[in-house]
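Walk through this model from its overall build to single residues. Keep the structure in view as you read.

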Amino acid sequence: MTHRKRKEKITGYLFISPFIVGFVCFISIPMVMSFVFSFTQYDILTPPEFVGLKNYISMFTEDRLFWKTFGVTMFYVLFSVPLRLLMALVVALLLVRPGKLSAFYRTVFYLPSIIGSSVAIAILWKRMFASNGMINALLGVIGIESNSAWLGKSQTAIWTLILLAVWQFGSSMLIFLAGLKQIPQYLYEAATVDGASWFTKFFKITLPMLTPTIFFNLINQLINGFMAFTQSYIITEGKPQNSTLFYVVYMYQNSFKYNKLGYGCALAWFMVLVVGGLTALIFLTQKKWVYYEAE
């Protein structure tokens, strides 16, 4: 190896060293430690005590709230992820054509994705859906008298959080825009010559060519859905009757509120397995519905 190549190799390692150090210190080591702690009884203040599979057995056989929070989270993901992707795709289709204000509209639609998970937006959302909030005021303007406490009812509280998730479609929209611009225009031109309608073009050209982008967005939003925390913790605090208590919030409560860090780590690793399993399932099915032009 020449001196120049050796120097370039060292320079490359120096540039990637911050990521490697960060990955090892803040991701890899904490993951290993949490896996070890999941087999212990640990309250942070005293040394951990090894208890084997006790945490996992208690999780499945004794903790009813575990199943409740898992069901709430699955319901949230089941509806928020498809609705967010659908909204992102619709807006992307509207903005894909170049115009004078296209850049402005893209920025406006992307902003909720940046600030949507902040505490300030969560508090604002909570005030909007209060009994004397803006939503009831708007309903009164159009002649629908309502003083409903949207966040105080089990039937509506979870949907306010789903609505907030759908409002944060900006990042998926930008990815869909990039995917739409990669579709060859000659396909649409040929379809137009053949007399194809917009409906036919969308389902025969746009949607199949966009499946790799849909696949990418689906994986990202699925993971983000299971990681939802701020909405439940700030807006509803898991109420009413734990109908909006997300799994990650329950995991946080066990770890730092009830000082059961070992049990919280066990909850975390179960969720890792669930998300990993669902992701693997989507990867296994991609050959049946994802179209790659190079294949």
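Buried means under 20% relative accessible area, exposed means over 50%, and partly exposed is in between, with a 1.4 Å probe and protein chains only. Gln 253 has a relative accessible area of 12%, so Gln 253 is buried. The model is predicted: local features need pLDDT of at least 70, side-chain atom pairs count only at pLDDT 80 or more, and totals for chains, interfaces and linings use all residues. Residues are numbered from 1 along each chain as its sequence is written, and side-chain values use heavy atoms, with hydrogens and water left out.

Now the overall build. The secondary structure comes to 13 helices and two strands. Helices (H or I, at least four residues) and strands (E, at least two) are DSSP runs, numbered from the N terminus. Along the principal axes, the C-alpha atoms fill a box of roughly 80 × 75 × 35 Å. The protein has 295 residues, and 40% of them count as buried. Contact means heavy atoms within 4.5 Å. Among contacts with a separation of 6 or more, 68% are between residues 24 or more positions apart.

Return to Gln 253. Gln 253 sits in helix 12, which covers residues 247-257. Its contacts, leaving aside neighbours within four places in sequence, are Leu 245 and Tyr 258.

Pro 240 lies between helix 11 (230-236) and helix 12. A cis peptide bond joins Lys 239 to Pro 240, with omega at about -5°. Asn 242 belongs to the loop between helix 11 and helix 12. Its phi is near 60°, a positive value in a residue other than glycine. Asn 242 has a relative accessible area of 32%, so Asn 242 is partly exposed.

Ile 44 also has a positive phi, about 75°, although Ile 44 is not a glycine. Look for Ile 44 in the loop between strand 1 (40-41) and strand 2 (49-50). Ile 44 counts as partly exposed because its relative accessibility is 37%.

Turn to the rings. Rings of Phe, Tyr and Trp (its six-membered ring) pair if their centres lie within 6.5 Å; planes under 30 degrees apart count as stacked, over 60 as edge-to-face and the rest as tilted. The whole structure holds 30 aromatic pairs. One of them joins Phe 199 and Phe 203, a tilted pair at 4.7 Å centre to centre with 45° between the planes. Both residues lie in helix 10 (residues 198-226), four residues apart, about one turn of the helix. Phe 199 counts as exposed because its relative accessibility is 54%. Phe 203, at 41%, counts as partly exposed.

Tyr 247 and Phe 270 form a tilted pair too, at 6.4 Å centre to centre and 40° between the planes. Tyr 247 is in helix 12 and Phe 270 is in helix 13 (residues 261-289), so the pair ties together parts that are 23 residues apart in sequence. Tyr 247 is buried, with a relative accessible area of 1%. Phe 270 is buried as well, at 15%. Ring pairs link Tyr 247 and Phe 270 with Phe 60, Phe 66, Trp 67 and Phe 70 into a cluster.

A charge can also sit over a ring, if NZ of Lys or CZ of Arg is within 6 Å of the ring centre and within 35 degrees of the ring normal. Lys 260 lies over the face of Tyr 263, at 5.1 Å from the ring centre.

Back in helix 10, find Pro 208. Pro 208 is partly exposed, with a relative accessible area of 27%. Not counting residues up to four places away in sequence, Pro 208 touches Phe 202, Phe 203 and Tyr 291. The C-alpha atoms of Pro 208 and Tyr 291 are separated by 6.2 Å, although these residues are 83 residues apart along the chain.

Which residues lie nearest the centre of the largest pocket? They are Leu 93, Val 96, Arg 97, Tyr 188 and Trp 198, out of 13 lining residues. On a 1 Å grid over the protein atoms alone, a pocket is an open set of points where a 1.4 Å probe fits, with protein on both sides within 12 Å along at least five of seven lines; lining residues have an atom within 4 Å of a point. Helix 10 gives the most to this lining, with four residues.
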